[in-house]
Amino acid sequence: ITFSGNNSTFTGNVGIGTSNIGTQSNLYLGAASSSEGGQITLQKATGGTLAAHIDAYTSGSIDYMRVLSGTDTATTAAPFVFDLTNTSLGIGTTLPSNYNSYADNLVVADSAHSGISIASGTTSLGTLMFADGTSGTASYRGRVQYDHNTDSMNFHTAAAERLTINSSGNATFAGDVTIGPKSNASITTSESGGATTKLMSASVG
């Protein structure tokens with residue numbers, strides 16, 4: 001150990017609260033409970049209020065890493081939880097893997113309104129991609145895309161645009177529209193002239 005003013009330099013790995021020091025990391029933090037790991041606390045200033053905690057713990061057979069805010073160290077209050085066993089991330093929930101297994105990799109939860117925002121430039125695109133590979137069209141087989149330049153929403157399947165809703169609310173389908181045998185199609189309008197249905201062939205346009 002080398003001391004220089006308020007700084008210390010360690011030539012080997014360091015363990016705090018543990019004597020079980022491995023070789024995979026330079027700093028090991030221990031805990032009193034076998035179900036909890038060491039904790040890192042971020043403080044706003046010397047002697048000031050606590051800003052956040054970062055720690056690890058085990059519940060049942062699942063390992064977690066969590067970020068807690070302020071002085072609250074309860075597992076039920078963690079705003080960010082990483083489920084290391086099931087590779088899930090919870091924002092606003094401590095148990096992301098409890099949700100539907102088809103969509104529990106990222107769970108955003110709130111007891112009131114909840115949502116995710118995709119913010120883009122005024123002439124740029126906001127996109128949600130569905131991929132089954134990393135090259136070619138496999139990286140964008142499905143797509144939901146908003147074009148801020150034209151204020152239009154586009155839906156893609158099989159790597160091609162299938163439905164566009166423009167800024168006026170008009171929808172353009174690339175394929176056929178099928179209505180089920182027990183369903184009804186209604187056309188309404190706020191115009192005094194009434195609604196109009198047009199049937200045209202592709203050659204007429």
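Modeller: A word on terms: helices (H or I, at least four residues) and strands (E, at least two) are DSSP runs, numbered from the N terminus. By that rule the protein has 0 helices and 15 strands, and L42 lies in strand β5. Keep in mind that this is a predicted model, where local features need pLDDT of at least 70, side-chain atom pairs count only at pLDDT 80 or more, and totals for chains, interfaces and linings use all residues. Residues are numbered from 1 along each chain as its sequence is written, and side-chain values use heavy atoms, with hydrogens and water left out.

Colleague: Why is L42 called partly exposed?
Modeller: Buried means under 20% relative accessible area, exposed over 50%, and partly exposed in between (1.4 Å probe, protein chains only). L42 has 43% relative accessibility, so partly exposed is the label.

Colleague: What makes the nonpolar surface patch?
Modeller: I40, L42, I54, M65, F80, F82 and L84 make it, with about 570 Å². Two or more residues each come from β5 (36-43) and β8 (80-83). Patch residues need over 30% relative accessible area and no salt bridge; like charges are joined within 9 Å, nonpolar side chains (Val, Leu, Ile, Met, Phe, Trp, Tyr) within 5 Å. The areas come from the Shrake-Rupley method with a 1.4 Å probe, and for residues only the protein chains shown count as cover.

Colleague: How do you know that D55 and R66 form a salt bridge?
Modeller: The rule asks for a side-chain nitrogen of Lys or Arg within 4 Å of a carboxyl oxygen of Asp or Glu. For the side chains of D55 and R66, the N to O distance is 2.5 Å, and they meet in a salt bridge. D55 sits in strand β6 (residues 50-59) and R66 in strand β7 (residues 62-69), 11 residues apart. The count by this rule is 1 salt bridge.

Colleague: Are those two partners buried or exposed?
Modeller: D55 has 5% relative accessibility, so D55 counts as buried. R66 is buried too, because its relative accessible area is 3%.

Colleague: Why does S88 count as buried, and what is in contact with S88?
Modeller: S88, in strand β9 (residues 88-91), has 4% relative accessibility and therefore counts as buried. Contact means heavy atoms within 4.5 Å. Leaving aside neighbours within four places in sequence, S88 is in contact with V81, F82, D83, P96, S97, D104 and N105.
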